[in-house]
Amino acid sequence: MAATEHSQKIKQDSQEFLITALLQLLKTKDFNDITITQVVKRAGVSRMAFYRNFETLDDILIAYIEPKINIGFENIINRVPQNQKLTALGNLFEEISDILKMAVNNHYEAIIQNIFDKNMTEFYDQTMDWSQFTAIQRKYWVKFMSAGVYAIWREWLISGQTENINDIHVLLADFQISTLTALRNETTN
């Protein structure tokens, strides 16, 4: 038992060292210019330790970013009243704004966007009543809204957050309501 705990601790330490090393390298380098060799050297671990924990450099970023975003969405879905969910989503975006800006600047934004999309799908699946819609409408509306919400928050964050946050919340709510209304009208016609 002790050997298993010890090996788990070593694995966890290696993961943390690799995450820290990659984040340090990202402060001065573009993601596309970083190699596994540079990360393991910076982390002070072997290449084998890298491959015991991750397959790609993308996996390191996913291991770092995904839990932060998942926990934020989980809290919104399970703990925030329905009428405050969009505001809470905006607050989550503010919390991860530094991560998003770094991802945009260092060319790994697709990783964050994929994590966001997965969470938005779960968010809408758990917070919306889909009984009036077809499976196709639900699927593509969720994709449309996920991409739109992401694009709006991204633009707001990257452009310096000059607009009032409440105006952004209202805009997103208006888009959501109007597109759902259009879908309902299409279904009844």
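**Aromatic pairs and helix packing**

User: How many aromatic pairs does a search of the whole structure find?

Analyst: The search finds 14 aromatic pairs. Keep in mind that this is a predicted model.

User: What about Phe50 and Phe54, what kind of pair do they form?

Analyst: A tilted one. Their rings sit 6.1 Å apart, centre to centre, with 50 degrees between the planes.

User: Is that buried or exposed, starting with Phe50?

Analyst: Phe50 is buried, with a relative accessible area of 0%. Phe54 is buried too, at 7%. The cut-off for buried is under 20%.

User: And Phe73 with Phe123, which geometry there?

Analyst: Edge-to-face. The centres are 6.4 Å apart and the planes make 75 degrees. This pair links distant parts of the chain. Phe73 is in helix 4 and Phe123 is in helix 7, 50 residues apart. Both Phe73 and Phe123 are buried.

User: Which residues share an aromatic cluster with Phe73?

Analyst: Phe93, Phe116, Phe123, Tyr124, Trp130, Phe133, Trp141, Tyr150, Trp153 and Trp156. Together with Phe73 they form one cluster.

User: OK, switching to helices. How do helix 4 and helix 7 cross?

Analyst: Helix 4 covers residues 57-79 and helix 7 covers residues 109-127. Their axes come within 9 Å and cross at roughly 25 degrees. Angles under 35 degrees count as roughly parallel, and therefore helix 4 and helix 7 are roughly parallel to each other. Helix 4 passes helix 7 in a right-handed crossing.

User: Which residues make the contact?

Analyst: From helix 4, they include Leu61, Ile62, Ile65, Ile69, Phe73 and Ile76. From helix 7, they include Ile111, Ile112, Ile115, Phe116, Met120 and Phe123. Asp58 and Glu66 of helix 4 also take part, as do Lys118 and Glu122 of helix 7.

User: How does that contact divide into nonpolar, polar and charged?

Analyst: The contact of helix 4 with helix 7 has 13 nonpolar, 4 polar and 4 charged residues.

User: Now helix 5 and helix 8. What's the crossing angle?

Analyst: Roughly 50 degrees, with the axes coming within 11 Å. Helix 5 is residues 85-95 and helix 8 is residues 135-158. That angle makes helix 5 oblique to helix 8. The crossing is right-handed.

User: Which residues of helix 5 meet helix 8?

Analyst: Leu89, Gly90, Phe93 and Glu94. In helix 8 they meet Val149, Tyr150, Trp153, Arg154, Trp156 and Leu157. By class, this contact has 7 nonpolar, 1 polar and 2 charged residues.

Terms used: Residues numbered from 1 in each chain as written. Predicted model: local features only at pLDDT ≥ 70, side-chain atom pairs only at ≥ 80, totals over all residues. Heavy atoms only, no water. Axes fitted to C-alpha atoms, helices over the stretch in contact; angles between N-to-C directions. Helix = DSSP H or I, 4+ residues; strand = E, 2+ residues; numbered from the N terminus. Parallel < 35°, antiparallel > 145°, perpendicular 65-115°, else oblique. Left-handed = near helix turned anticlockwise from the far one by under 90°. Contact = heavy atoms within 4.5 Å. Nonpolar A, V, L, I, M, F, W, Y, C, P; charged D, E, K, R; others polar. Phe/Tyr/Trp six-rings, centres within 6.5 Å; stacked < 30°, edge-to-face > 60°. Buried < 20%, exposed > 50% of the residue type's maximum accessible area, 1.4 Å probe, protein only.
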